[in-house]
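I opened the model today to note its overall build, the contact between its chains and the setting of one residue. My entries follow in the sequence in which I looked things up.

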Amino acid sequence: MIGITYYRHKCIGCRACAEHAPQRWRMSKKDGKAVLLEGVQKGKVFNAEVHPGELEPNEAAAQNCPEKCIIIRRH
Amino acid sequence: MKVRTARNQVEILAPAGSMESLMAALQAGADAVYFGVEHLNMRSRSSNRFVMDDLPGIIENCRAHNAKAYLTLNAVLYDQDLNLMRNICDQAKAAGVDAIIASDQAAMGYCHRIGMPVHISTQVNVSNIESVRFYSMFSEVMVLARELSLKQVEEIATQIEKQEIKGPSGNLVRLEVFAHGALCMAISGKCYLSLHSHNASANRGACFQNCRRKYHVKDAENGDEWMIEDEYIMSPKDLCTIDFLDKVLDSGVKVLKIEGRGRAPDYVHTVTRCYREAVEACFDGTYSQEKVAAWKEQLAKVYNRGFWDGYYLGRKLGEWTKDPNSQATQKKVYIGKGVRYFDRIGVAEFKMESYELKPGDEILITGKKTGVLESVVQELRVDGKPADSAKRGDSITIPLGRKIHSSDKLYKLVTTAE
């Protein structure tokens, strides 16, 4: 499994993650920021454990995030 | 100076990127402040960006100082942002914000629908009288493109009066220009560099400021390398109009914007105060070269990349900075934090956290409620006893004319040569 950590308060809604990994990221119509699908909120941070098959697009999402608010961890 | 405008028609508009800067701007005599909330503005990556819940507090402070509050909502907007945009506008209206500074037509249109006054952002690049007429359907204050010369600005101002171009409220359109602060190498800030290199769009307020770095420019086809000398070819010096402010006001401009939502409170305080004094001087007839020299000395003390007069005097492009770092003649060193203030005896207590402090040192205190306070240490006590110096870990008390608060930061001002 891989872990995705998302610091949502830093998001500026650039859409890069939703373009690179649309199966894991959507843009909220409520506040224009990215939403980590199946993410569990803990304080300001959202976490999700996902299948390794999703590594590549999510790494691209993390790399292209201008705010560096997406962190990918390999277990 | 020609009498074209009355003093009470001129507004000094100062930046408020944080609560500290907001207080600093208000204390320095700003007629109005501008600030962003959430991420749909040109300083979205600012670490201490305001959120919606801060709105009532901001407005309360502005009202207490009789200043107007303008909210920037000038990022490029996508469909996903429209709800947040509408939400910000609604809440701004409810909180009593005086106007929204917008660049996207979606924001202009929505504000118009709900009866929220709009100011046209410089991002819109308004450069001619027909553009002014077009946007007057939505707005009565327009920030002109920074690339115009004063002659062009004056012509637009003249035509607004002549053709009686009025905004939605029936008043003549007022013109705003940038008076002081950082300039961008791209036309009206529409730059693609940061997006290209870091996927961080300047037009969403996430500029990485690539232009402030040093580059080699090489023609790959013939191998020619540009002769650039020792310059940062994409990094313009900072705009400063204080030495021809009388001419700026003569052109018919009504609002003078100071750039710097990313700047420290002491910067905001110094720049706002200088321009405030300069405007007063223009109107009471005491504006002089001696005063200009004194203001410039003050302005040079805070963050700057060297000064030039922008495009206003028709000068050609090419005033590039020689140094990527600030050329400020003074810098502040963090030395401790506020503990309490003894009202009766007018003494402030601080906890020293680094560096040292001596009587005679110049100090600067900043805080959310305090704003900016500059002073000189007259008398220093460590743990209640008179002392010649204080070091890290000491609990110090110093006489201070104004109240400080427990979360305030204490800095020592040193010249940059030190």
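**Entries on chain B and its partner**

I began with the secondary structure and found ten helices and 18 strands in chain B, taking helices (H or I, at least four residues) and strands (E, at least two) as DSSP runs numbered from the N terminus. Chain B has a radius of gyration of 23 Å, close to the 22 Å of the globule rule for 418 residues, so it is as compact as a globular protein of that length; the radius is taken over C-alpha atoms, and the rule is 2.2 Å times the number of residues to the power 0.38.

I note that this is a predicted model, in which local features need pLDDT of at least 70 and side-chain atom pairs pLDDT 80 or more, while totals for chains, interfaces and linings use all residues. Residues are numbered from 1 along each chain as its sequence is written, and chains are lettered from A and ligands numbered from 1 in the order in which they are written.

Next I looked up the interface, where 14 residues of chain A are in contact with 15 residues of chain B (C-beta atoms, placed from the backbone, within 7 Å).

I then turned to His196(B), which sits in helix H7 (residues 193-198) of chain B. His196(B) counts as exposed because it has 12 C-beta neighbours inside 10 Å, where 12 or fewer means exposed, 20 or more buried, and anything in between partly exposed. By that count, 46% of the 418 residues of chain B are buried. Last, I noted that His196(B) and Met42(B) lie 154 residues apart in sequence and 17 Å apart in space, C-alpha to C-alpha.

Note on methods:
Contact = placed C-beta atoms within 7 Å.
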